[in-house]
Protein chains: 2
Amino acid sequence: MTDEPRLGTPVDRIDTPALLIDLDLFQKNASRMAQYFDTRATALRPHAKTHKCPRIALTQLELGACGITCAKLGEAEVMADVGIRDILIANQIVGKIDRLTNLAARCDLMVAVDSATNVTELSRGCQEKGVSLRVLVEVDIGMDRCGVQSGEPTRALAHRVVDAPSLHFAGLQAYEGHLVLQERKKRERGIQVAAEMLQQSCDLLEQDGIPVSLVSGGGTGTYDLSGNTPPWNEIQAGSYILMDATYVKVRPEFRPALSVLASVISRPVPERIVTDAGMKVMTHEFGLPQPIGVDGLSLTRLSEEHGKLIAEHPAQLALQPGDKIRFLPTHGCTTINLHDRFYVIQDGVLVDIWSITARGRAQ
Amino acid sequence: MTDEPRLGTPVDRIDTPALLIDLDLFQKNASRMAQYFDTRATALRPHAKTHKCPRIALTQLELGACGITCAKLGEAEVMADVGIRDILIANQIVGKIDRLTNLAARCDLMVAVDSATNVTELSRGCQEKGVSLRVLVEVDIGMDRCGVQSGEPTRALAHRVVDAPSLHFAGLQAYEGHLVLQERKKRERGIQVAAEMLQQSCDLLEQDGIPVSLVSGGGTGTYDLSGNTPPWNEIQAGSYILMDATYVKVRPEFRPALSVLASVISRPVPERIVTDAGMKVMTHEFGLPQPIGVDGLSLTRLSEEHGKLIAEHPAQLALQPGDKIRFLPTHGCTTINLHDRFYVIQDGVLVDIWSITARGRAQ
């Protein structure tokens, strides 16, 4: 096992590849988002699928978040282990009912549903275990993934939840994932269309005497749109906390605090520089990560264990084996999913190591 | 933490997403490759970057492999922890010299080099620690990644190694990664070109009185080409042991033993089926993984936590939330890198769980 570097180690002496957090930028991002929701009725429930790190979730809660969002039951178990109480698993949990109800017994859990059979399964499991569970009916507002259709199908499923023993109907989940990375005008228009669709479902339920106290959705790309548009009253933004090269294009008010530190391991010919950071430590579904602060140097290929870079003016670039390069990930959530720890940097030295404890808890 | 399922659990009762190994197919692949090299002077040194699993490495050694190949120092440390002696790190290790020499003190280690400064650094570190290290000079035979050019640059660097205290010049490393997935004729021609280039470098060294006892390279795509062509005498094949949808096209004699078990979590409209296996558990750089044994059902999109499938004839497909689907990965090495354990299956039940101990040991 790799020995952990001592706190105070200069960043360039950390073994590579390493996933870095710039602590100052991280704190600015955390505070900025917290402040936005401080003065609003809408709550922030940050999505922990981004960071998978209990230490970061606790920071978000200290700054006023109403609870935490998780994608997976395994992530929620990790968050409950550090004493986090208010947890939404923003997905359908099918099977695993014994684990789910065990977790419901030790925190204030909420899940999304979109089928009657799942409602029955959850209700039976909770009854057998003597626990209760908050439930959001997930509505498809145009993303075409999970979620019942709005209107009558939503109404019918909400009634099922209301009638199901040991389940508490908490409201609706409506995630506009098809909008979060669109350009601003499209995001704005899309949010209006989705909000109207969602409001109609809320109205139907209120007419039936079923209060919709919670409408949860939203992301970093839409926090100030859905976060400012009824009926949403809870936003699940995740990426804002660490950011990446993709999100910073639509959300420049948050700064990229995440980077991958790599070593040059080879420069066999002057124009070609090879690092030890390949696709096993940086993802590329949103494009190849590029080096930070090195002009005229481009990553042209990631293989499993290597990054291949080409220098535009080789004679002007002094990089040699042993030198370090930092890369800006193009997708933070999936890049973090490849690492076990964040190396937290301030003023050029290591000031903390945060465990990405929920990494790999995909079950 | 997820409780591990008991041995004997039916495959459909394992929590999902889960990475499965079909034990019978795994054993057939392992035996087939071992048998190929049984009767040849060329040795098999399987690449552990594929499986990152000490249990599998030990199986490969029991079947006659001469040692193990690793991509990273951290992987080699894990393999040494279970008593494996003969380990090649088939990359340049730059920095981390203290860790490298600690490892050299407890196993019979070999590394690749392609720069004089790295040779100096390794030699100094080994001298200080009082250990010796076997070194391969990496030659670029057309992959355009790491490696010195063949001919004079190779000769010059080999002399450096020979002259460096505490280093033992073991031979050359030459990996034809640009050929392994080409169609057969191109692979054959490419191997001949690369072999001639490599032979010239060997001849230069032999003329200087420097014996080239080892020439290591090759992969699953070329094991019977470079494995049957001098001067190669050691093959680093990795993927053959578990295979994937990409490699099986060029190597049908090995069978895909790897799959990802997923649950249907939603079928909100008849034609759309959503599973709990997204890009955090299956990679897609070689294409989207497809379901195994379900006609008329295609994975059309992976998001982080979900797989979206479209049914060609919805009325004929009975899948409902809770049902299981298995996917064939398109790239085994990077998919395995997302998981912590293999669930080993035989006759439809869980017969073992193998820890992917070196996952995440990218440093």
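Trainee: Axes here are lines fitted to C-alpha atoms, for helices over the stretch in contact, with angles from 0 to 180 degrees between N-to-C directions. At what angle do helix 6 and helix 7 of chain A pack?

Mentor: About 45°, with the axes 9 Å apart. Helix 6 of chain A covers residues 152-163, and helix 7 of chain A covers residues 184-207. That makes helix 6 of chain A oblique to helix 7 of chain A (under 35 degrees is roughly parallel, over 145 roughly antiparallel, 65 to 115 roughly perpendicular, the rest oblique).

Trainee: Which residues make that contact between helix 6 and helix 7 of chain A?

Mentor: Helix 6 of chain A supplies A:T154, A:R155 and A:A158. Helix 7 of chain A supplies A:S201, A:L204 and A:L205. Contact means C-beta atoms, placed from the backbone, within 7 Å.

Trainee: How does the contact of helix 6 with helix 7 of chain A split by class?

Mentor: It has 3 nonpolar, 2 polar and 1 charged residues. Ala, Val, Leu, Ile, Met, Phe, Trp, Tyr, Cys and Pro count as nonpolar, Asp, Glu, Lys and Arg as charged, and the others, Gly among them, as polar.

Trainee: Before we go on, what kind of model is this?

Mentor: A predicted one: local features need pLDDT of at least 70, side-chain atom pairs pLDDT 80 or more, and totals for chains, interfaces and linings use all residues. Residues count from 1 along each chain as its sequence is written, while chains are lettered from A and ligands numbered from 1 in written order.

Trainee: Other helix pairs. How do helix 3 and helix 4 of chain A lie?

Mentor: Their axes come within 11 Å and cross at roughly 25°. Helix 3 and helix 4 of chain A are therefore roughly parallel to each other. Helix 3 of chain A brings A:L73, A:A76, A:E77 and A:A80 to the contact. Helix 4 of chain A brings A:R99, A:L100 and A:L103. That contact has 5 nonpolar, no polar and 2 charged residues.

Trainee: And in chain B, how do helix 3 and helix 4 cross?

Mentor: At roughly 25°, with axes that come within 11 Å. That makes helix 3 of chain B roughly parallel to helix 4 of chain B. B:L73, B:A76, B:E77 and B:A80 of helix 3 of chain B meet B:R99, B:L100 and B:L103 of helix 4 of chain B. Those residues divide into 5 nonpolar, no polar and 2 charged.

Trainee: Switching to the chains. What rotation superposes chain A on chain B?

Mentor: One of 180°, with 0.0 Å of shift along its axis and an RMSD of 0.0 Å. That is the relation of a two-fold axis.

Trainee: Which C-alpha of chain A is nearest the axis?

Mentor: That of A:L338, 3.3 Å from the axis.

Trainee: How many residues touch across chain A and chain B?

Mentor: In chain A, 49 residues are in contact with 49 residues of chain B. The chain A elements that give two or more residues to that side are helix 3 (73-81), strand 4 (86-92), helix 5 (116-129), strand 10 (258-269) and helix 9 (332-336). Strand 10 of chain A gives the most, with 4 residues. By class, the chain A side has 15 nonpolar, 20 polar and 14 charged residues. Of the interface residues of chain A, 100% are also interface residues in chain B, so the copies meet through the same surface.

Trainee: Sheets next. What is the strand order in the open sheet of chain A?

Mentor: It is 2-9-8-7-6-5-4-3, in 8 strands with parallel pairing. The edge strands are strand 2 (43-44) and strand 3 (68-70) of chain A, each pairing on one side only. Strands (E, at least two residues) and helices (H or I, at least four) are DSSP runs, numbered from the N terminus; strands pair at two or more DSSP bridges.

Trainee: How many bridges link strand 8 and strand 9 of chain A?

Mentor: They pair over 2 bridges, in the parallel sense. A:S216 has A:E234 in strand 9 of chain A as its bridge partner.

Trainee: What about phi of A:D347?

Mentor: Near 50°, a positive value in a residue other than glycine. A:D347 is in the loop between strand 16 (341-346) and strand 17 (349-355) of chain A.

Conventions: Contact = placed C-beta atoms within 7 Å. Least-squares fit on C-alpha atoms with pLDDT ≥ 70 in both.
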